[in-house]
Amino acid sequence: MNEKPVNTMSAKTTSAKTMPVNAASADAASAGTASKDLSPAAFPSNDSVDALVVESINIAKGRMCVRLRIQKEARFTDPRIAVKVMTRFPCVGLHSCKNDSGPHFADVIESTSTAHVLEHLMIDLQLGDSATPMGSRLVGFTQWIDEDKGIAEIQVAFLNDMVALRALRDGVSFLNGILA
């Protein structure tokens with residue numbers, strides 16, 4: 001039986017915008033902040049290939065809730081994945097992160113869930129977007145819904161729903177690229 005990393009989920013994240021990060025752009029007008037369910041059609045996937053698949057997205061005022069399905073072999077990080085994430089997103093390790101290993105995300109990035117990594121990427125990409133005001137603070141939370149089936153839920157705060165959706169799309173795309 002494989003041992004699971006300790007404290008891989010249920011981490012609460014807080015981060016402030018400190019440095020710009022180049023996020024891929026997508027032209028879209030803000031859809032407002034009314035609560036709405038969105039189809040994950042904007043996140044195309046070949047279920048047999050992609051490690052992370054967006055199952056559902058719910059947007060409420062200032063908060064996005066994303067349900068993911070993660071293939072078994074891609075559910076947790078390792079040092080190789082951590083290096084790829086930190087190379088592309090150098091500020092992500094500096095995020096505040098409530099966990100048992102230390103005060104920052106860098107303290108757990110080598111042995112946390114892939115969903116937890118996506119939470120931090122979503123925050124980092126939003127903070128790096130030109131539409132997000134300098135000094136903004138965003139929080140997130142990740143938990144397993146059904147670990148045996150690889151179903152996780154991420155909740156992330158946002159200031160602009162379209163920026164948050166781009167951050168989700170780009171974070172999923174990046175992770176699927178390095179997990180392939």
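The following legends describe close-up views of one predicted protein model.

The model is predicted, with local features requiring pLDDT of at least 70 and side-chain atom pairs counted only at pLDDT 80 or more, while totals for chains, interfaces and linings use all residues. Residues are numbered from 1 along each chain as its sequence is written, and side-chain values use heavy atoms, with hydrogens and water left out.

**Figure 1. Helices and strands of the protein chain.** The protein chain has three helices and seven strands. Helices (H or I, at least four residues) and strands (E, at least two) are DSSP runs, numbered from the N terminus. Along the sequence, these elements follow the pattern β-β-β-β-α-β-α-β-β-α. Of the 180 residues in the protein chain, 49% are buried. Here buried means under 20% relative accessible area, exposed means over 50%, and partly exposed lies in between (1.4 Å probe, protein chains only). A contact is defined by heavy atoms within 4.5 Å. Among contacts between residues at least 6 apart in sequence, 70% join residues at least 24 apart.

**Figure 2. The largest nonpolar core.** This core has 45 residues. A nonpolar core is a set of buried Ala, Val, Leu, Ile, Met, Phe, Trp, Tyr and Cys residues joined through side-chain atoms within 4.5 Å. The residues with the most contacts inside the largest core are Met-64, Leu-68, Val-85, Leu-118, Met-122, Leu-168 and Leu-175. At least two core residues come from each of β3 (52-60), β4 (63-70), α1 (79-88), α2 (114-127), β6 (137-146), β7 (151-157) and α3 (161-179). Helix α3 gives the most, with 10 residues. When residues up to four places away in sequence are not counted, Leu-175 touches Leu-52, Val-85, Thr-114, Val-117, Leu-118 and Leu-121.

Figure 3. Helix α2 is mostly covered, with 14 of its 14 residues buried. The loop between α2 and β6 contains Asp-129. With a relative accessibility of 9%, Asp-129 is buried. The side chain of Asp-129 is joined to that of Arg-166 by a polar contact of 3.0 Å. A polar contact is a pair of N or O atoms within 3.5 Å; within protein, one must be able to donate a hydrogen and the other to accept it, and residues adjacent in sequence count only if both atoms are side-chain atoms.

**Figure 4. The salt bridge between Arg-69 and Glu-55.** Four salt bridges are present in the structure. A salt bridge is a side-chain nitrogen of Lys or Arg within 4 Å of a carboxyl oxygen of Asp or Glu. Between Arg-69 and Glu-55, the N to O distance is 2.7 Å. Because Arg-69 belongs to strand β4 and Glu-55 to strand β3, the pair ties together parts that are 14 residues apart in sequence. Arg-69 is partly exposed at 28% relative accessibility, and Glu-55 is partly exposed at 35%.

Figure 5. Glu-153 lies in strand β7 and is buried, with a relative accessible area of 11%. A salt bridge links Glu-153 to Arg-67, with the closest N and O atoms 3.3 Å apart. Since Arg-67 lies in strand β4 and Glu-153 in strand β7, this pair ties together parts that are 86 residues apart in sequence. Arg-67 is partly exposed, at 30% relative accessible area. Another polar contact, of 3.4 Å, joins the side chains of Glu-153 and Gln-155. Apart from neighbours within four places in sequence, Glu-153 is in contact with Cys-65, Val-66, Arg-67, Phe-141, Thr-142, Gln-143 and Ile-145. Glu-153 and Val-54 are 99 residues apart in sequence, and their C-alpha atoms are 9.9 Å apart in space.

**Figure 6. A salt bridge between Arg-169 and Asp-170.** The side chains of Arg-169 and Asp-170 meet in a salt bridge with an N to O distance of 2.9 Å. Arg-169 is partly exposed at 27% relative accessibility, whereas Asp-170 is buried at 13%.

Figure 7. The whole structure has zero disulfides, a disulfide being a pair of cysteine sulfur atoms within 2.5 Å. Cys-65 is buried, with a relative accessible area of 14%. Cys-91 is buried at 9% relative accessibility.
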